[in-house]
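Have a look at the structure first, then read on.

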Amino acid sequence: MKFMKLGSKPDSFQTDGNNVSSQFITRSITMCRYVASELATDIILIVGDVKFYLHKFPLLSKSSRLQKLVVTTNEENTDEVQISDIPGGPAAFEICVKFCYGMTVTLNAYNVVAARCAAEYLEMHEAIEKGNLIYKIDVFLTSSIFRSWKDSIIVLQTTKSLLPLSEDLKVVSNCIDSIATKACVDVSKVDWSYTYNRKKLPEENGNDPNWNGVRNRLVPKDWWVEDLCELEIDLYKRVLMIIKAKRIVSNDVIGAALKAYAYRRLPGFSKGMIQSGDMIKHESIVDTIVQLLPAEKGCVSCSFLLKLLKASTLMDSGEMAKDELIRRIGQQLEEASVNDLLIRASEEETTMYDVSTVQKIVQEFLMQDQNAEIESLEDSHELQETRKPGILSDASKLMVAKLIDGYLAEISKDANLTLSNFVDLAEMVSDISRPAHDGLYRAIDMYLKEHPGISKSERKRICKLMDCKKLSVDACMHAVQNERLPLRVVVQVLFFEQVRAAASSGCSTPDLPKGIKELNSGSHGSSRSATTNTEEDWDAVATAEELKALKGELASLRLANGVGGSERNGNGDGKSNVDKAAISKMKGLLKSKKIFTKLWSSKGGQGENSGSDSSDSLGSANPEEVKSTPSRNRRHSVS
């Protein structure tokens, strides 16, 4: 099967009616149309704003409706006939009149539907005369137009202005069937040319010196998708539905077609936005594309689905389309990027991004495992005590966990983001085992940076999401210098850094920190003023002096375990009074048995993210050792 190449001249036909030597003369000033003939005209047909001065005989011999109209005018004793509702207007009527006069009539893909509808209006059927205009146009459509790929698309576009008559005459359905059938033809039988918005082949640019004029490349399976983007969404939907119903074209190609249409018809879509225009029309396009998406997972990218969701949110589309997109995105969430997930919130919301929608997407992702387990139980027809593994791989879960960490870090820059939104989303992926918590630490640090006014309890709550044991060396280096973290977290980081340093040096059992050794040995001395508010001190933010003191203790611990060199930089005797005061503070805090037990005790029954308060116990401690708890009313810089 051969199809007309796009850009070639469309087919046409010429036909003669009565063999009358005549031609039309147009007087544009008066909008009149005359037939050049020796015979005087005897009827005036007014079509729109154009007057046609014609003869009755050639018209009445081929048009049943004109016969009726002339009878009416004779009864009214007038030679003017008003025709205001003929399809195609004066241009289509002129084609019919030329056919009646036997003039050459040229039809092509742009005017054939209008001529067909006008002929139907004028009732130019075979019952009036054999070989009448309707018959000849139908032959032309079947033998030429519907065999041409491009002409079928052009004709289908022209039918829109001629509805509903073009639909009643089955021109629309025949065009759609023709296009859908050609799109499903085996590519080896397609003669085609590129119409894609892509880089042309070397031979098409004339840059291939070895090209002999014969195309040796295979036609791609999606050769037709760009051409169909010319159709309006209602016609496009009908064509795609028939293509899908034939079950010949793969779902990947269907997905490629929908993606091409969205990029062509939705301005700004590639940037995750919709620019100004007919928003009702754009909403219809988005909703239709969602309806046409193949059921198969992965036929379109997760990034494309998220762009559709962003467009749907911006235009406030129906909930059905949004829910379907959320379900599909959740099924392939591991493919997404952080930028894909940054969905702008509606104008009514105070936050910058739509976090609740992302929570729904993550829930859909996690539900896949639960749904798989339910199905497996139903298939077995019996209750099982052991839970079967879900369909999600560990790699997919890890990718989603890292994705959410990055997303949290990005949305934390929003000053209006609530702590609950942050924590709730982070806890959704807390059961996913991650080898490192660096991404989560960055997100927490960003939130603390952008929300300096949160309370101590809120600061403690967000830091509990993080497992200090899973911070990398670089993250630990940053954390111990981070003045935004509670003191409790900083001490934990220091301890686990010491454990890691001791393990890397080959020590089977790492030494305990100095303050903890003093605690176990019963040393209670402290240079700090004693209060009863030690728990509050641990949850407070570490000062620069305390961080410096803790880092000094960490350096000495590393050296004691053979890590970081054989000499310690600096001299203990040369410490400033500020350093000494800070170290004294830290020792006082570490000597609190009550706080130490809460800080380091292992809590059973917690998940993978046990939080900052759920580390392994450091060993035994004598409950009789601590009788009083030195602390401070408030922490301040020491000068």
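Let's start with Tyr447, which is buried, with a relative accessible area of 2%. Keep in mind that this is a predicted model. Phe422 is buried too, at 0% relative accessibility.

How are the rings of Phe422 and Tyr447 arranged, and how far apart are their centres? The two form a tilted aromatic pair, with 5.3 Å centre to centre and 50 degrees between the planes. Phe422 belongs to helix H19 (residues 419–428) and Tyr447 to helix H20 (residues 438–450), so this pair ties together parts that lie 25 residues apart in sequence.

## Other aromatic contacts

Searching the whole structure turns up seven aromatic pairs. One of them joins Phe52 and Phe93, and here the geometry is edge-to-face: the planes are at 70 degrees and the centres 5.0 Å apart. This pair links distant parts of the chain, with Phe52 in strand S4 (residues 50–54) and Phe93 in helix H3 (residues 89–101), 41 residues apart. Both Phe52 and Phe93 are buried.

There's also an aromatic cluster, made up of Tyr263, Phe269 and Phe304. And for a charge over a ring, check out Arg65: it lies over the face of Tyr121, at 4.0 Å from the ring centre.

## Helix H12 and its cover

Helix H12 runs over residues 251–265, which makes 15 residues. From first C-alpha to last, H12 reaches 21 Å, close to the 21 Å expected at 1.5 Å a residue.

Which residues of H12 are buried? They are Val253, Ile254, Gly255, Ala257, Leu258, Ala260, Tyr261, Ala262 and Arg265. As background, an α-helix has 3.6 residues a turn, so residues three or four places apart point the same way.

## Cysteines without a bond

How many disulfides does the structure hold? The count is zero. Take Cys96: the closest cysteine sulfur to its own is in Cys100, 7.0 Å away, and that is too far for a bond. The cut-off that matters here is 2.5 Å between the sulfur atoms.

Is Cys96 buried or exposed? Cys96 counts as buried because its relative accessibility is 1%. Cys117 also counts as buried, with a relative accessibility of 0%.

Terms used. Residues are numbered from 1 along each chain as its sequence is written. This is a predicted model: local features need pLDDT of at least 70, side-chain atom pairs count only at pLDDT 80 or more; totals for chains, interfaces and linings use all residues. Side-chain values use heavy atoms; hydrogens and water are left out. Helices (H or I, at least four residues) and strands (E, at least two) are DSSP runs, numbered from the N terminus. The expected span of a helix is 1.5 Å times one less than its number of residues. Buried means under 20% relative accessible area, exposed over 50%, partly exposed in between (1.4 Å probe, protein chains only). Rings of Phe, Tyr and Trp (its six-membered ring) pair if their centres lie within 6.5 Å; planes under 30 degrees apart count as stacked, over 60 as edge-to-face and the rest as tilted. A charge sits over a ring if NZ of Lys or CZ of Arg is within 6 Å of the ring centre and within 35 degrees of the ring normal.
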